[in-house]
Amino acid sequence: MTALTQSRPWRWTARGLGVLGFSGRTLVIAIPMLWLLVFFLVPFFVLGRISLAEPILARPPYSPLFDRAPDGSLEILANLDNYRLLWEDTLYRNAYLSSIRIAFVSTLFALLIGYPIAYYIARSPEPRRTILLLLVILPFWTSFLLRVYAWMGFLQREGLVNSFLLFTGIIDAPLIMMQTTFAVQVGIVYTYLPFMILPLYANLTKLDEAFFEASADLGASPLVTFLTVTLPLSVPGIIAGCMLVFIPAIGEYVIPALLGGPDTLMIGRVLWDEFFSARDWPMAAAVAIVMLFLVVAPVMWLQDWLDRRGLNR
Amino acid sequence: MKRGWTLPILALLGFVFLYAPIVALVVFSFNESRLVTVWAGFSTRWYVALFNDRQILQAAWISLQVAVASATLATVFGVLAAFVLARLGRFRGRLLLTGMTTAPLVMPEVITGLSLLLLFVAMEQVLGWPGGRGMGTIIIAHTTFCLAFVAVIAQSRLRDMDESLEEAARDLGAGPVRVFFDITLPVIAPAIVAGWLLAFTLSLDDLVIASFVSGPGASTLPMVVFSKVRLGVSPDVNALATIIIAVVALSIATAGVILYRQNKRRAQGR
Amino acid sequence: MNQQRSATRPLAADTRPWRDPAARPFLSIRGVTKQFGLFTAVDGIDLDIFRGELFCLLGASGCGKSTLLRMLAGFEVPTAGEILLDGQDMSTVPPHRRPTNMMFQSYALFPHMTVEKNVMYGLLREGMARAAARDRAQDMLRLVKLEKFGGRKPHQLSGGQRQRVALARALVKQPKLLLLDEPLGALDKKLREETQFELVRIQETLGTTFIVVTHDQEEAMTIATRIGVMRDGGLVQVGEPREIYEAPETRFVADFIGSVNLFEGQVDAAAPDAMRVLTRDLGPVTLRPVPGLTLGQTVWIALRPERLALSHAEPTAPNRFRALVEDVGYMGQLSIYRLRLRGGRLVQATLSSRSMEDDPISWDEEVWVSFAPTAGRVLTE
């Protein structure tokens, strides 16, 4: 590296930039900044702009925002028809609400299943702790798509869950689980479980064992200790884990597409169909914009607020 | 302290939930029958079928190229962004950069995919670039959303790192660039490797964003698999899943053993 | 040992129950052993502690003192042996049902609760009404002089204040036994010295039995009624601070508590009023006789640095040696001298700085080192 920083071209470049008023510092800031501006921020403006257009049969399939009027002046062709339709058509409204509902239920179950796992791992001695942690992470590194696929075979009419329940005599006739909202929720809980466990684990493992001992020492039974000490202290982990499950679950497309039925409405799926099947790009863009403001923005604001509160502590 | 049985049992059930579908997936990849639910004897025919499927092999090759390229780019930009945020103090646009490196973490993929596609289309109209969509646009899209993950990992490592190491190097006469390459990078190297691996996996795994920004002739592996499984379960996908799981499990076990040994050595050194 | 005991003022028997063979101990530890796998952390300890004592368990890290304390609190279950508190066997009682409380080394103050809530916590677990618990907590906070800080969170307090909250929280349930794990370990030196006396004041006010674990021998000497010195899971010596310091029974204790100069030698001659030990470094040394020694037996002479005298002129004491001053450390009221004996051995002497004003001794001077026959303590192990 020495060779590089002391080579002539390097120094000349640095000096040249200095003459132009760029310091190395500015350059270092500029590289990631520019990339993210162009490929992350600007797309949202494009998205917003196209959501105001109309679909037309052309390439690209949307009307331009500006047009030359016959007298040569610029005309703005923006219209809010897409948003009006979003508001008036109950399909979209129901899709937003149903997405939130499904994501909420899934998050709750992910928490109920994930918390004991995280807590158990956090209180395990080494090397069991590392092994269990790796076992939690392992499915996450395998394909998301294939993990959803695994449940297709599992929940089928002739699938293993039904076979098992029939075999043990819990049910008489196979349950219909595939292509239901239930299957979608199972799929979400399953695929996002590591995102729930890891922040919870990170939080629980940082708690000093002495807190639990102090609580027991002062006369609290294990259950009371859990309710009055462990649970309140793990609130940051619970919030982080729930965020990591809830937000992506709202926009989920693959899981409802593979496990859901025709009546499983989720907004990510509506957006996808609007774009790929109906080829209505402006409508898809409008769906995305509303999703952004209705769902993502408040949750991100909440996350930010929590972060700041955490820093002030 | 004595502990009850409730917690271990709940945790065990949780692990059963995590692994039962995976085990079933693997077992039925060796099934003779086409039905993925009825056992009809051991067979490796689906593996043979998989390796004769030109479409899958080609898609896998494209996915690998995309994943290596975008993981590498995402690591470069992500580490730079993390360094800027963790070490350069206040500057104009700091809040903006913070937002842009964390927002992709929670952004629904459909939104990221759609907005990037619309950007590419608009850019093509205005600038004439990129001419058409394919691997190039997928790499740009994956770099952007993986960047955030790398940045988060690198940033937390930078925050944990003892800043006096860098100050000592400055004190001994190293310029800021030297310090970055001589001290900062080697110290956060494990986080960079982890970040690259994560970005690689995320890229390899992505279906939604790739579906939006890809063009004809550039189908990634998840896209091909998705179009297959949409029609129902098929045992060659089980075979593919088994191979992926085996590779991942082997790598994780290796990493786990290395990590465990390191920790043990560190614990003994104390 | 006997002459030291007679030197101290006689005290009422009930203030030092451990001197009364008929006294009933409050806490009885009998043959308590704790093994972690193959490692024996605590090895068959027998110890009696009496009501109202402030007992210090003193030892280096890893000696088993914290494990012993944690067994008293109920966080570890003894592998063998029994713990009787006030005549009741404790071994099967879980921590939350024990009449003991612990002050943790890290304080373990619940970060999500205010100071007052922390102190109230134990009372609420007993089922005490909230209002009554708040009053009791306020009383306790007043005792530790923190009545104005009840509304704060632990992270808004200084280290010393946190320490006092932890003490208040552990004391508020009026435990039969208070266990303190390095209670002053996290404080800086000056604060630690002030707090030592504060701790003793509170203990005497409440009359609670305290068991303190510490690695700091000065701290143990200052606060304890008795000290138990631990090493490798066992108790090496139990006694009052003065006994431990003046009459150590082993080289380990002599060396662990304060500084000491140790000389190895053989018993050379013994008479009713004196005995001679032949040492390699000092040659023959005259000491008070110790019963039970045989001629030729290997013994060690322990000499506290403050028991040595230095002078330019040859002294009259029977044990006197020439030495070269290598180093003088001025510590304010004391000065520490490092002396090289003729044989090459280094010896340390501590003298009051005032006493050296008439006859100042400095580096590189040849001086006389001397000590009285009563100054050296003879150790057999």
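# Chains A, B and C, term by term

Me: How many helices and strands does chain C have?
Reply: The secondary structure of chain C comes to nine helices and 20 strands. Both are DSSP runs, numbered from the N terminus: helices are H or I with at least four residues, strands are E with at least two.

Me: What kind of model is this?
Reply: This is a predicted model, where local features need pLDDT of at least 70, side-chain atom pairs count only at pLDDT 80 or more, and totals for chains, interfaces and linings use all residues. Residues are numbered from 1 along each chain as its sequence is written, while chains are lettered from A and ligands numbered from 1 in the order in which they are written.

Me: How many helices and strands are there in chain A?
Reply: Chain A has 15 helices and two strands.

Me: Why is Cys63(C) called buried?
Reply: A residue is buried if 20 or more other C-beta atoms, placed from the backbone, lie within 10 Å of its own; 12 or fewer make it exposed, and anything in between partly exposed. Cys63(C) has 23 C-beta neighbours inside 10 Å, so it counts as buried.

Me: Where is Cys63(C) found, and what does it touch?
Reply: Cys63(C) sits in the loop between strand E3 (54–58) and helix H2 (65–73) of chain C. Leaving out residues up to four places away in sequence, Cys63(C) touches Met230(C), Arg231(C), Asp232(C) and Gly233(C). Touching, or contact, means that the C-beta atoms of two residues, placed from the backbone, lie within 7 Å.

Me: How much of chain C and of chain A counts as buried?
Reply: In chain C it is 37% of the 381 residues. In chain A it is 45% of the 313 residues.

Me: What makes helix H14 of chain A mostly covered?
Reply: H14(A) runs over residues 267–276, and eight of its 10 residues are buried. Among them are Ile267(A), Trp272(A) and Phe275(A).

Me: Why is H9(A) said to be largely enclosed?
Reply: Count its buried residues. They come to 20 of the 26 in H9(A), so the rest of the structure largely encloses this helix.

Me: Where does H9(A) bend?
Reply: H9(A) bends by about 50° at Tyr192(A), and Pro194(A) follows within four residues. The bend is the angle between axes fitted to the seven residues ending at a residue and the seven starting there.

Me: What span does helix H5 of chain A have, and where does it bend?
Reply: H5(A) (residues 90–122) has 33 residues and reaches 46 Å from first C-alpha to last, close to the expected 48 Å. H5(A) bends by about 30° at Gly114(A), with Pro116(A) following within four residues.

Me: Which residues touch the most other members of the largest nonpolar core?
Reply: That core has 165 residues, and Val287(A), Ala288(A) and Leu114(B) touch the most other members. A nonpolar core is a set of buried Ala, Val, Leu, Ile, Met, Phe, Trp, Tyr and Cys residues joined through C-beta atoms within 7 Å.

Me: Why is this core said to lie between domain 1 and domain 2 of chain A?
Reply: Both domain 1 (2–76) and domain 2 (89–279) of chain A give residues to this core, so it lies between them. The bounds come from an automatic or database domain assignment. Apart from this core lies another, of 101 residues, among them Leu233(A) and Val32(C).

Me: How many residues of chain B and chain A are in contact?
Reply: Chain B brings 67 residues and chain A brings 71. H1(B) gives the largest share of the chain B side, 13 residues. That side divides into 54 nonpolar, nine polar and four charged residues. Here Ala, Val, Leu, Ile, Met, Phe, Trp, Tyr, Cys and Pro count as nonpolar, Asp, Glu, Lys and Arg as charged, and the others, Gly among them, as polar.

Me: How many residues does the contact take from chain A and from chain C?
Reply: It takes 16 from chain A and 17 from chain C. H10(A) gives the most to the chain A side, with six residues. That side has 10 nonpolar, two polar and four charged residues.

Note on methods:
Expected span 1.5 Å × (residues − 1).
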